[in-house]
Amino acid sequence: MDGGEVELLAELSAAVGAEHVVTHEHQLRTYESDGLLQYAVTPRAVVLPGSTVEVQAVVRACHRAGVPWVARGAGSGLSGGATPVSEGVLISLTRMRSIIEVDLANQRVVVEPGVTNIAVSQAVGPDHFYPPDPSSQIVCTIGGNVAENSGGAHCFKYGFTTNYVTGLELVLPDGELVQLGGKEIDHPGPDLLGAFVGSEGTLAVATKIWLRIVPKPEAVRTLVAFFGSPIQAGEVVSEIVSGGIVPGAIEMMDNLSIRAAEGYTNAGYPTAAGAALVVELDGSSAECETRFEQVVGICERAGADSIRVAADEAERELIWRARKAAFAAMGRIAPNYYVQDSVIPRTRLAEVLGRIEQLGREFDLKIANVFHAGDGNLHPLVCYDGSVPGEAERAEECAGLIVRACVDAGGSITGEHGVGVDKKRYMPEMFSDADLGAFQRLRCAFDPDQRANPGKVMPTPRLCGEVPGPYRQHPLEQAGLAERF
Amino acid sequence: MATAGARRSAPASAAELAAELAAACGTVRVLGAGTKLGWAPDASPELELSTAGLDRIVEHNAGDLTAVLEAGVPLARAQEVFREAGQMLALDPPDAGGATVGGIVAANDSGPLRARYGGPRDLVVGMRVALADGTVAKSGGKVIKNVAGYDLAKLFTGSYGTLGAILEVSVRLHPLPPATATAVGHTHSPHLLAGGAATLSHARLEQLGLDARWAAGAGMVLGRFGGVAARAQAESAEQLLRDAGLEAELVADDEPLWQAQREGQRSPEGLVVRVSGLQTDLERLAGVAERHGATLVGRAGLGLYWLRLDDGDASALLSDLAGFVRLALDRPADMALEPPASNALLARLKERFDPAMKLV
């Protein structure tokens, strides 16, 4: 431990209290990964600030010492976005979990970043709710949701975190405090607030977050329909959506996921079904009833093998249990899996599924598919056995080709998990060098020294460089001897 | 209506526009059709670079409810194409003719549909821009769900073209509602007006639009519904308004009502101030409008209001709005623009995106 490090640790202790600075090796290991366990790095120290002022003090200490830092919430992310850096400090925001204000009259909530997603809906019930509902909502934090622009099963209708954040208080990497937006929407000028949401912790730390909440729908109707194949179910999705119906959620599972989930939950899904389609409509009772009948009709005409309509809340939960357990249940199929998060235009589903099936055969790997079908977000789970030499590498290669197939179809490398460490190598599939250069300009405006969550999002490190001075005419131009056209 | 002294150019392609921007030595103002030029700062640019030549509807993917539009496409023309497929881009700002998609996004303009579908920031899923040095860069994509890379499209929304020129946007579309109906509540009391609006914004109904209006001592709350059960929902809203003490009626042929709301956001000769406030500011703002002889229209559920003063003391109205987050849009010819609120981050962004300070 050198003198600089001793000094930094002393400053961090002074900032947050020695009891909130973690330096013991075995305790540090708790923080070495987020929800994506392939990536593990032990940070130099973990600090747990309890207030905005303490976050500022921590960030300032890192700034003075020239030490990088990673801010994280619950660590439930699935892209390695909260993976620590070995020479850096990990700032855990889980102690900052106050709901600062609930303003039902204006339909706003103000929270600290460590408040869990579910706690927001609980605080504003029973008449209102906070729509973004990632499946980790019981543990994941609003700060993490802001960093990742989290979605959830209901985002096809309700949108993502970015559609609900109206204000942010930020600690910039030099320790300066700024506020973007507030309770009001549409502050004049460029939408910096919107640019921050989804920036994966690479620009600043959010220490206070203003959120919009909405009235709970009057009615919710849920069904699950079973079909011979995902392609057949995909046609049903298209027919529902092109008929002008906007379901609250529309989710699909293929046979392999159905079998895994059913073995785990006993939700009553037929294990021979080629695909399960969960459709949930919500809204006013009158609108919901009419539309729900239309959806049942579409499923019947499309030749559904069976349709189960939830008669009450218990049956609705049972239908959802199988869908929500799909990832966790995958252990019944294979010891390990590699999950992708690509998005495709929904109309390309049949073609991309065909390609995924072909890749499964070529690589001799089982691939299960779980989709957010409304918005074309696929979660292919490439199953493998890590104890078989070379199989993990094969699975990763296969998963990479799936990503490419999705991008080639006009899609994206990630719909909700974020780029983090895991997908940064795929960024050049979507973005040119000029595009990445434009991203870097935003990054450098916030964090010219690149101390905030370095090594994430961008595929290769880039420097910020000096800000060039204002444009001046070259002496030759002044003299009229040359021009820049 | 070109700014005096400015050269006007409307390149025919994105590449030409980017090249012209790179080559420009003096100050440049990017514009679409120029329908909102009066909102810009007073300083006259040396070059006005118009996107009007970039007018191709590049893609309309009806099955995916998405489209890719060049920045200079007039919104009205795009809507005609979408309407044929029973779809719409859910942006309905006032449009006296020709307003372009790029201009609407750059000015962050919106109309009553913002209540249900959000503003330009919520509907644009990808963007291609030309930066001041001629770099052409894109962010986002053309799928509705995507978190890859920074969301630079947001940064250019509301930027007035000061960070670069928008060349192309990818947008999410929505199905056209099969029918609409509007519940209208009338009152002469700003207090009851605010109460009626709050009742609807907190009701478990799905509004297509929720607006308020105050002019010359009279107020209206408008709750618009769209869908297969539009009328049934409007009837519920009508009852809620009546219970809140307003005189309520149901209007089936409701488009003229909403057109009038949009018109409240413009004043050809006078002042329009957009106030970003709260729902609970409605009563107070109706009072401000009343005192100054102004018209107030607003998205009551969002806390977004426009005060329109065609003829009167514009500076007195502005000073009465001093405590609010506000932005002057249309303004009388003799009135200077208020300096924007300073923001260190914005200055740093400007340095990175436009170090030569070309774009004004």
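Chain B and chain A bury about 7000 Å² between them, where buried area is the accessible area (1.4 Å probe) that two parts lose on being put together, summed over both. Carbon and sulfur atoms give 58% of that area. On the chain B side, B:Lys145, B:Tyr150 and B:Arg352 supply 15% of what the chain buries against chain A, more than any other three residues. This is a predicted model, in which local features need pLDDT of at least 70 and side-chain atom pairs count only at pLDDT 80 or more, while totals for chains, interfaces and linings use all residues. Residues are numbered from 1 along each chain as its sequence is written, chains are lettered from A and ligands numbered from 1 in the order in which they are written, and side-chain values use heavy atoms, with hydrogens and water left out.

In terms of contact (heavy atoms within 4.5 Å), 72 residues of chain B touch 100 residues of chain A. There are 9 salt bridges between chain B and chain A, a salt bridge being a side-chain nitrogen of Lys or Arg within 4 Å of a carboxyl oxygen of Asp or Glu. A:Asp127 and B:Arg204 form a salt bridge through their side chains, at 3.7 Å from N to O.

Several elements of chain B each supply at least two residues of the side that touches chain A, among them strand S8 (136-140), helix H8 (230-243) and helix H12 (344-353). Helices (H or I, at least four residues) and strands (E, at least two) are DSSP runs, numbered from the N terminus. H12(B) gives the most to this side, with 8 residues. Sorted by class, the side holds 33 nonpolar, 21 polar and 18 charged residues; Ala, Val, Leu, Ile, Met, Phe, Trp, Tyr, Cys and Pro count as nonpolar, Asp, Glu, Lys and Arg as charged, and the others, Gly among them, as polar.

H8(B) also packs within its own chain. B:Gly196, B:Thr199 and B:Leu200 of H7(B) meet B:Ala237, B:Leu240 and B:Leu241 of H8(B). The residues of this contact divide into 4 nonpolar, 2 polar and no charged.

Two backbone details remain, both in chain A. The peptide bond from A:Gly125 to A:Pro126 is cis, with omega near 0 degrees, and A:Pro126 lies in the loop between helix H4 (117-124) and strand S7 (128-129). A:Gln107 is not a glycine, yet has a positive phi of about 55 degrees; its place is the loop between strand S5 (99-103) and strand S6 (108-111).
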